[in-house]
Amino acid sequence: KVDVIVVDEEHRLPIGRPYLTIAIDVATKMISGFRMTLDPPSASSAGLCIAHAAMRKEHWLAKRDIDAEWPIYGKMSKIHVDNAKEFRGNMLTRACQQHGIILEFRPRGQPNYGPHVERAFRTFMGECQSLPGTTFSNVKAKVDYDSEGHACMTLTELEQWFTVFLVYCYHHRAHKGINEIPPIKMYHQYVHGSTSQPGVGLPAPIEDEENFRLDFTPFVERTIQRQGVVIDGIHYYAPILRRWVVSKEPNGLKAKTFIFARDPRDISVVYFFDPEALTYSPVPYLNNTRPAISLWELRAAVARLREDPISHV
């Protein structure tokens, strides 16, 4: 949990502390990807963090108008994870199997297997304490500072700040864990080589980054009806669903279910996985006048409506 309270985009009112998920390269201590979300840790944040770690970062940085290098990308051969339930779900297991990635779990009761990532989190939380709206790391440090009253950064702005901190500061600072060598220098030594050792070379880029991202995106399984598909009370429809309407399982007894990947940051579109073509196709809202919202916003709105005995969800 990040030690900063963020505000909403529209009213600039405090909405809580976001969660940070990071992927770190053990050899170089480079942060290879991250995910910041208001939802508690889940397979969703883990999967989207892995997808971010594997993709090339040029477009990500250009979109945010950041002129810096973040050269780490490519499909990892192994991912070390702890025993949290978000790493044991169907989506992560399925995606890693599809892409030949080994998911290695930390032995239970052995915290010494995860010091790289824990140390990085401590560094980031220390940096966050200079931001407006910080909650500090403990009550003693906070004293009478009004965190909610000073909060002024949205989640997007905090994500922007964190990206800038990574690519301009963290990757270029001397790192104790690798003999005071900056992570980016260590990365270039391993990849391009040095006078004493040959480099491993640049990794092969992922051919279809969008498909890779969707494989690591949370999915739901639903049957397809004449009006399309319904997920969390929202109707989605696209012509590509028509031929699969009222499909049956091979035994002919049960309606066939299909995979729909859904990015929790924007649920205005879901992605239908075609079992024959093995590709994803976008399926938008049936009512396209509705605005794009996140899954967190949908759940918060529904919870608020349910508190009022008169209103109807």
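Are Phe-165 and Tyr-170 buried or exposed? Both residues are buried, as the legends below set out for this predicted model.

**Figure 1. An aromatic pair, Phe-165 and Tyr-170, within a cluster of rings.** A pair of aromatic rings is described by the distance of the centres and the angle of the planes. By the rule applied here, the structure holds 15 aromatic pairs. In the pair formed by Phe-165 and Tyr-170, the ring centres are 6.5 Å apart and the planes meet at 45°, so the pair is classed as tilted. An angle under 30 degrees would have counted as stacked, and one over 60 as edge-to-face. Phe-165 and Tyr-170 belong to one aromatic cluster, together with Phe-34, Trp-60, Trp-70, Phe-124, Trp-161 and Phe-162.

**Figure 2. The packing of helices α4 and α7.** Two packed helices are described by the angle between their axes and the distance between the axes. Helix α4 comprises residues 115–128, and helix α7 comprises residues 155–169. Their axes lie 12 Å apart and form an angle of about 120°. The two helices, α4 and α7, are therefore oblique to each other. The crossing in which α4 passes α7 is right-handed.

**Figure 3. Strand β11 and the directions of its side chains.** In a regular strand the side chains alternate between the two faces of the sheet. Strand β11 spans residues 269–274, and six of its six residues are buried. Val-269, Tyr-271 and Phe-273 point one way from the strand, whereas Val-270, Phe-272 and Asp-274 point the other way. The residues on both sides of β11 are buried.

**Figure 4. The strands that pair with β11, namely β10 and β12.** Strand β10, made of residues 258–261, pairs with β11 in the antiparallel sense over two bridges. Within this pairing, Ala-261 stands opposite Tyr-271 of β11. Strand β12, made of residues 279–284, also runs antiparallel to β11, and six bridges join the two. Here Phe-272 has Ser-281 of β12 as its bridge partner. β11 and β12 form a hairpin, with four residues between the strands. In the turn of this hairpin, Leu-278 has a positive phi of about 55°.

**Figure 5. Charged side chains over the rings of Phe-273 and Phe-258.** The charged end of Arg-94 sits over the ring of Phe-273, at 5.6 Å from the ring centre. Phe-273 is one of the buried residues of β11. Lys-256 lies over the face of Phe-258, and the distance to the centre of that ring is 5.5 Å.

Note on methods. Residues are numbered from 1 along each chain as its sequence is written. This is a predicted model: local features need pLDDT of at least 70, side-chain atom pairs count only at pLDDT 80 or more; totals for chains, interfaces and linings use all residues. Side-chain values use heavy atoms; hydrogens and water are left out. Buried means under 20% relative accessible area, exposed over 50%, partly exposed in between (1.4 Å probe, protein chains only). Two strands pair if DSSP finds at least two bridges between them. Rings of Phe, Tyr and Trp (its six-membered ring) pair if their centres lie within 6.5 Å; planes under 30 degrees apart count as stacked, over 60 as edge-to-face and the rest as tilted. A charge sits over a ring if NZ of Lys or CZ of Arg is within 6 Å of the ring centre and within 35 degrees of the ring normal. Axes are lines fitted to C-alpha atoms, for helices over the stretch in contact, and angles run from 0 to 180 degrees between N-to-C directions. Angles under 35 degrees count as roughly parallel, over 145 as roughly antiparallel, 65 to 115 as roughly perpendicular and the rest as oblique. A crossing is left-handed if the near helix is turned anticlockwise from the far one by less than a right angle, and right-handed if clockwise.
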